[in-house]
Amino acid sequence: MNWLTNKVLPKFRQLTTKQDTPDNLWVKCPDCGQMLFHNDLQANQNVCTHCDYHMRVSPRERFDALFDDAKYDLIELPEVPVDPLKFRDSKRYTERLKDARNKSGDIDAMKVAHGRMGGNPAVIAVQNFDFMGGSLGLAVGEAIVSASKLAILQKAPLILFSAAGGARMQEGILSLMQMPRTTVAIQRLKEHRLPFIVVLTDPTTGGVTASYAMLGDIQIAEPGALICFAGPRVIEETIRETLPDGFQRAEFLLEHGMLDMVVHRRDLRETLTRVVELLASKLKLPPAIKDDSKKPAKKAETDKNAAVNDK
């Protein structure tokens with residue numbers, strides 16, 4: 001009996017027991033429904049390999065993909081009052097904040113970092129839609145103001161990735177006040193002749209679209225991004241008409257002059273680096289190092305001319 005219990009039964013259970021498979025090995029594309037292996041998806045920067053649908057990415061993934069050698073420094077953002085209006089709907093605002101922070105690991109919906117892109121200094125601010133829809137509140141307003149001040153201090157361009165459902169309703173008028181406040185922060189950049197580059201990602205809507213997201217010196221968007229103030233469903237219900245295909249998507253806005261370019265995520269770093277390089281002369285950066293191999297030839301030519309003049 002001991003032999004059966006100790007030897008045979010455990011092996012039998014091992015063969016018949018269903019092995020648990022991690023539930024995060026495969027990701028379903030929200031657009032085409034194709035199941036994607038998570039390693040392949042990450043290697044493709046969270047872009048569907050079948051339909052080219054651009055999924056959302058976290059701020060850290062953005063920073064890693066954009067900065068030279070994935071080297072950058074996050075800045076510490078100012079603290080803001082928590083639940084200044086003591087707001088409550090089906091849940092307390094403090095509970096919603098706690099849930100979002102536990103889920104994302106971030107304090108609020110925007111992170112700011114600085115580093116180098118193609119050797120040139122750059123400040124990048126990224127909005128995280130997974131944190132309460134990336135909504136614009138006191139913390140996001142402070143983040144943009146801080147990013148603007150840092151860009152002015154470093155004489156660097158500010159690159160902002162927008163992704164938001166609009167203003168944060170739990171902060172009421174205080175949230176709406178961030179629209180003119182961030183506009184002033186962007187205006188200070190322009191007074192210092194520093195570029196403000198906006199990359200609009202899916203979705204960028206509401207008060208964010210009505211403020212800093214449309215103030216860029218250069219407006220870039222990812223393919224298929226929804227960019228609007230009021231969404232297509234709201235507009236259709238209001239005017240009771242069918243909207244054109246692709247209405248308020250990045251490609252539609254590009255055709256109608258609202259954007260400068262639509263860039264695939266795999267080409268985004270190269271494009272932004274090239275833009276920053278073209279604008280580097282405006283930033284008063286140290287001059288580029290000249291090729292030393294040309295110096296001896298120039299010196300020899302000068303000596304030759306001097307000898308001719310002496311004769």
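Is Leu 200 buried or exposed? Leu 200 is buried, because its relative accessible area is 0% (buried means under 20%, exposed over 50%, partly exposed in between, with a 1.4 Å probe and protein chains only).

## Ground rules

This is a predicted model, so local features need pLDDT of at least 70 and side-chain atom pairs count only at pLDDT 80 or more, while totals for chains, interfaces and linings use all residues. Residues are numbered from 1 along each chain as its sequence is written, and side-chain values use heavy atoms, with hydrogens and water left out.

## Around Leu 200

Leu 200 sits in strand β7, residues 196-204 (strands are DSSP runs of E, at least two residues, and helices are runs of H or I, at least four, numbered from the N terminus). Setting aside neighbours within four places in sequence, Leu 200 has contacts that include Ser 162, Met 214, Ile 220, Ala 225 and Leu 259 (contact means heavy atoms within 4.5 Å). Ala 163 is 37 residues away along the chain from Leu 200, yet their C-alpha atoms are separated by 6.8 Å.

## The sheet

β7 belongs to an open sheet of seven strands with mixed pairing, in the order β3-β4-β5-β6-β7-β8-β9 (two strands pair if DSSP finds at least two bridges between them). At the edges are β3 (72-74) and β9 (261-262), each pairing on one side only. Helix α5 packs on this sheet and touches β4, β5 (120-127) and β6 (158-164), its direction making about 20 degrees with that of β4 (axes are lines fitted to C-alpha atoms, for helices over the stretch in contact, and angles run from 0 to 180 degrees between N-to-C directions).

β7 and β8 (residues 218-221) run parallel, joined by four bridges. One of the residues involved is Val 199, whose bridge partner in β8 is Ile 220.

## Whole chain

The protein chain holds 12 helices and nine strands. Of its 311 residues, 40% are buried. Among contacts between residues at least 6 apart in sequence, 66% join residues at least 24 apart.
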